[in-house]
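Please find below a colleague's note on the structure shown here. The points are numbered so that each may be followed alongside the model.

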Amino acid sequence: MLNMRKVSIFLPDSYREEYIALYIKLIENYKKISTQIFSSVDKTTEEYSKMLEKKANTNYDFELVDPGDVLESIYHETIEFYEMEKLMEYNFKLSSLASAYQMLEQQLRKFMYEEINHDFNKIQKNDFLDFGTNMREIKKLYKFVGYDLSSNKHWSDIEDLYDIVNTFKHGSGRSSQRLYEKNPGLFLKSEFSGKSLINLELTSNATIVLDISHLDVEYYINTIIDFWKEFPEETSAEHPVAG
């Protein structure tokens, strides 16, 4: 004989506030670092170039060394400095997005695991190692308790965030293809061949292959905040059990 067992999860305000607080802090630190370090790359590069010129005037005897060679060396070293600064900005921006997404995935996983193991559910999932190890499995777990994560009106943006993060972490693949279909302007192209740099460079984080001016980090982090604000206080589903 089959009986019906109700499985429920409950999100108290204290949990909701705790989850959201992480993203508020992430935005705060992101803005602080962006302002202090990456808002003046052009100025920093100019200062670096002047420092090299001053150093050259001290170290070289221009009666013995061709000034043109020194200036060319300073030019190339300045370009390298600028490109490295921009690469660091690129990685910082995308790493911030990756951190936000990973926090959401782990919050969802941890919350569900604790709720499934709660006394009122009487369902024991003791091996956390194999529990909800990716977002596909996490979505199945939430459907099991009556909540389709896709029904949250912010989920579409979170899926876009997933594709951005996966493209940054792994380069070309299904995520980058989906992302390209939605936002082709995000992908930088070679000036010579017109092909996407992500396919030519065979890397997505050691070289700048995405146009980060197309990415609003705060928008995506606020999207996760809004997701948690919309998340229901309680959801449940009934399942047949023997007995």
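Predicted model: local features only at pLDDT ≥ 70, side-chain atom pairs only at ≥ 80, totals over all residues.

Is Lys25 buried, partly exposed or exposed? Lys25 counts as partly exposed, because its relative accessibility is 43%, and the limits for this class are 20% and 50%.

1. The partner of Lys25 is Glu28: their side chains meet in a salt bridge, with N and O 3.2 Å apart. Both residues belong to helix H1 (residues 13-38), where they are three residues apart, about one turn of the helix. Glu28 is likewise classed as partly exposed, at 38% relative accessibility.

2. Lys139 is partly exposed, with a relative accessibility of 21%. Glu159 is partly exposed as well, with a relative accessible area of 37%.

3. Lys182 lies in helix H6 (residues 174-182) and Asp160 in helix H5, so the pair ties together parts that are 22 residues apart in sequence. The two ends fall into separate classes: Lys182 counts as exposed at 53% relative accessibility, whereas Asp160 is buried at 15%.

4. Helix H4 (residues 135-144) also packs against helix H3 (residues 67-116), at an angle of about 40 degrees and with the axes 10 Å apart. H3 is therefore oblique to H4, and the crossing is left-handed. From H3, the residues that meet H4 include Tyr101, Leu108 and Phe111; on the H4 side, Met135, Ile138 and Leu141 are among them. By class, this contact has 10 nonpolar, no polar and two charged residues.

5. Finally, Leu197 deserves attention. Leu197 is found in helix H7 (residues 197-201) and is buried, because its relative accessible area is 17%, and buried means under 20%. Leaving aside neighbours within four places in sequence, Leu197 is in contact with Leu188, Lys189, Ser190, Leu202, Ile208 and Val209. Between Leu197 and Thr207, which are 10 residues apart in sequence, the C-alpha to C-alpha distance is 8.9 Å.

Terms used: Residues numbered from 1 in each chain as written. Heavy atoms only, no water. Helix = DSSP H or I, 4+ residues; strand = E, 2+ residues; numbered from the N terminus. Buried < 20%, exposed > 50% of the residue type's maximum accessible area, 1.4 Å probe, protein only. Contact = heavy atoms within 4.5 Å. Axes fitted to C-alpha atoms, helices over the stretch in contact; angles between N-to-C directions. Parallel < 35°, antiparallel > 145°, perpendicular 65-115°, else oblique. Left-handed = near helix turned anticlockwise from the far one by under 90°. Nonpolar A, V, L, I, M, F, W, Y, C, P; charged D, E, K, R; others polar. Salt bridge = Lys/Arg side-chain N within 4 Å of Asp/Glu carboxyl O.
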